[in-house]
Amino acid sequence: MENSKSTNQTQNLGTGSIPRLVIGLAIPSVIAQLVTMIYNMVDRIYIGHTPNGTTAMAALGITLPIITLITAITNLFGMGGAPLCAISLGQKNRDRAEKIMANSFICLVVSSVIITIGVLIFQEPILYLFGADSLTIEPAKEYTTIYILGTIFVQLTVGMNAYINTQGFTKTGMKTVLLGAVLNIILDPVFIYLFDMGIRGAALATIISQGASCVWVIKFITGKKSTIKLRSKYFKPDFKIIFQICSLGISTFVMSSTESLLQISFNNRLSIYGGTTAVGVMSIMNTLLQCVSLPTQGIMTGTQPILSYNYGAENYKRVRDCFKFAIKLTLGTTLVIAGSIILFSDIFVRIFTTDPAYIEFSRWSIKIFLLGMLIFGLQIGCQQSFMALGQAKISLCMALLRKVILLIPLIYALPLAFGNTGFAAAMSAPIAGFVTDAPRVFLVLLAEPVSDIIASVTTTTLFMRFYKKNLYK
């Protein structure tokens with residue numbers, strides 16, 4: 001009887017009202033993502049207002065590729081396995097679902113140990129490669145040394161929380177994020193200001209908070225409320241299952257890991273053309289980009305169990321209805337949030353800094369950098385729907401399109417091709433007094449909206465073809 005409630009929760013994915021299910025599952029996920037977004041903003045606000053806050057913000061930007069790479073590996077095993085788990089539940093195969101979760105757990109533990117050791121040994125050359133200089137290397141090392149020790153907490157929290165969400169327990173998944181984020185927001189000022197630890201305090205607050213969330217997640221997936229449980233009898237690696245997890249998770253891994261490469265590319269080019277100021281502003285741009293992307297990811301996290309479960313049950317009408325409703329939500333969300341940030345850019349920038357140069361530079365950058373995010377809801381809605389339906393190859397191709405095929409090459413190509421044009425000079429006039437090569441800084445930032453728009457249109461077109469061909473069986 002202990003699983004009756006959780007079983008009903010899972011079965012409701014195949015019978016409940018689509019709008020009510022999507023909203024009911026998405027709201028906790030969106031709240032979780034919004035809390036994460038607020039935490040990221042508060043973290044940068046605290047750091048930005050410390051002595052030498054400008055340098056500290058730039059140093060934090062240098063460490064972002066490492067954090068993003070950890071997230072990428074976590075998503076490989078967590079987000080790669082969660083849709084397979086939901087499909088197995090839709091097929092009434094609970095044993096296989098539990099095997100998938102156990103193998104993901106093993107992969108997360110092993111990879112976290114390897115990452116921690118590797119970064120501790122090679123962190124200095126890694127940070128220089130990621131854009132550090134004589135001003136930012138020491139604070140970047142201070143943050144990385146502490147943060148990397150909590151890698152196992154971060155990976156198990158995020159990776160195994162995907163298995164809570166995929167069962168339909170998005171409220172519990174939300175509580176996981178709330179616990180870590182709220183605790184982090186409380187601990188940040190204690191360690192940063194009261195204990196005078198600066199950027200090291202921000203890193204310590206993060207790993208303590210993630211440790212608490214990790215305990216919460218493990219307790220749930222081994223307890224009575226979970227539909228499926230983490231069982232030690234499945235801890236022997238099943239390489240066939242691991243291969244299937246990686247095959248599906250590779251697209252999410254590529255999306256996240258190329259985000260790391262993307263941040264390196266932005267930092268590298270902006271450091272050359274705009275110096276420390278441009279790199280620091282990029283840290284603000286990344287935070288605002290998350291303000292747009294994270295809520296849409298929350299919507300699709302809530303939608304994924306419904307899509308996967310019904311696809312596994314071959315209930316294609318519910319899959320179609322769910323997608324139609326979700327894509328309206330994601331597109332509407334990006335239009336409203338990105339539009340608001342662009343229209344009220346001055347308000348958002350002043351949250352992070354009081355430095356006049358940063359304010360002027362960031363206010364100008366927002367109008368360029370976030371333009372393509374207005375329609376980003378189409379990209380993420382279709383991309384994540386491919387994932388939820390087990391379409392690993394096309395999902396991977398779309399992940400590669402936006403960042404690897406388009407954005408990263410454009411970051412390097414646009415400044416070289418059009419850096420001396422009158423158009424670039426005219427568009428970059430507002431920041432000419434802040435950086436050494438304003439036209440090329442403009443072109444580096446312009447690469448983002450160009451790739452966003454092309455990728456959104458392409459991904460939507462391909463998904464609609466898949467939709468017509470495969471969802472009417």
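Which side chain meets Glu-124 in a salt bridge? I looked this up before anything else. The side chain of Lys-141 does, with 3.0 Å from N to O. I placed Glu-124 in helix 4 and Lys-141 in helix 5 (residues 137-147), so noted as distant parts of the chain, 17 residues apart. Glu-124 has a relative accessible area of 34% and is therefore partly exposed, being between the 20% and 50% limits.

**Confidence**

I noted that the model is predicted. The mean pLDDT of the protein chain is 85, and 96% of its residues reach 70 or more. I then checked the elements. Helix 1 (residues 4-11) has the lowest mean pLDDT, 51, and helix 15 (residues 422-427) has the highest, 93. Where pLDDT is low, the predicted coordinates should not be read in detail.

**Salt bridges**

How many salt bridges does a search of the whole structure find? I got 10. I went through some of these.

I looked at Glu-98, which forms a salt bridge with Arg-231. The closest N and O atoms of this pair are 2.8 Å apart. Glu-98 belongs to helix 4, while Arg-231 sits in the loop between helix 8 (199-221) and helix 9. The two residues are 133 residues apart, and the pair links distant parts of the chain.

Next I took Glu-448, which forms a salt bridge with Arg-402. Their closest N and O atoms are 3.0 Å apart. Glu-448 is in helix 16 (residues 438-470) and Arg-402 is in helix 14 (residues 392-418), so the pair ties together parts that lie 46 residues apart in sequence. I checked the accessibility of both partners. Glu-448 is buried, at 1% relative accessible area. Arg-402 is buried too, at 7%.

I also found a network of salt bridges that links Asp-346, Arg-350, Glu-360 and Arg-363.

**Helix 9**

What does helix 9 (residues 239-312) span between its end C-alpha atoms? I read 22 Å. A straight helix of 74 residues would span 110 Å at 1.5 Å a residue. I looked for a bend and found a kink of about 135° in helix 9, centred on Gly-274. I then asked how much of helix 9 is buried. Of its 74 residues, 57 are buried, so helix 9 is largely enclosed by the rest of the structure.

**A nonpolar patch**

Which residues form a nonpolar patch on the surface? I listed Val-113, Ile-117, Ile-121 and Phe-122. Together they have about 400 Å² of accessible area. I followed up one of them, Ile-121, which lies in helix 4 (residues 94-129). Its relative accessibility is 56%, over the 50% limit, so Ile-121 counts as exposed. An α-helix has 3.6 residues a turn, so residues three or four places apart point the same way.

**Ala-426**

My last entry concerns Ala-426, which is in helix 15. Ala-426 is exposed, with a relative accessible area of 54%. How far apart are the C-alpha atoms of Ala-426 and Phe-442? I found a separation of 10.0 Å, for residues that are 16 residues apart along the chain.

Key:
Residues numbered from 1 in each chain as written. Predicted model: local features only at pLDDT ≥ 70, side-chain atom pairs only at ≥ 80, totals over all residues. Heavy atoms only, no water. pLDDT = per-residue confidence, 0-100. Helix = DSSP H or I, 4+ residues; strand = E, 2+ residues; numbered from the N terminus. Patch = residues over 30% accessible without salt bridge, like charges linked within 9 Å, V, L, I, M, F, W, Y side chains within 5 Å. Areas by Shrake-Rupley, 256 points an atom, 1.4 Å probe, with all protein chains shown as cover. Salt bridge = Lys/Arg side-chain N within 4 Å of Asp/Glu carboxyl O. Buried < 20%, exposed > 50% of the residue type's maximum accessible area, 1.4 Å probe, protein only. Expected span 1.5 Å × (residues − 1). Bend = angle between axes of the 7 residues up to and from the residue.
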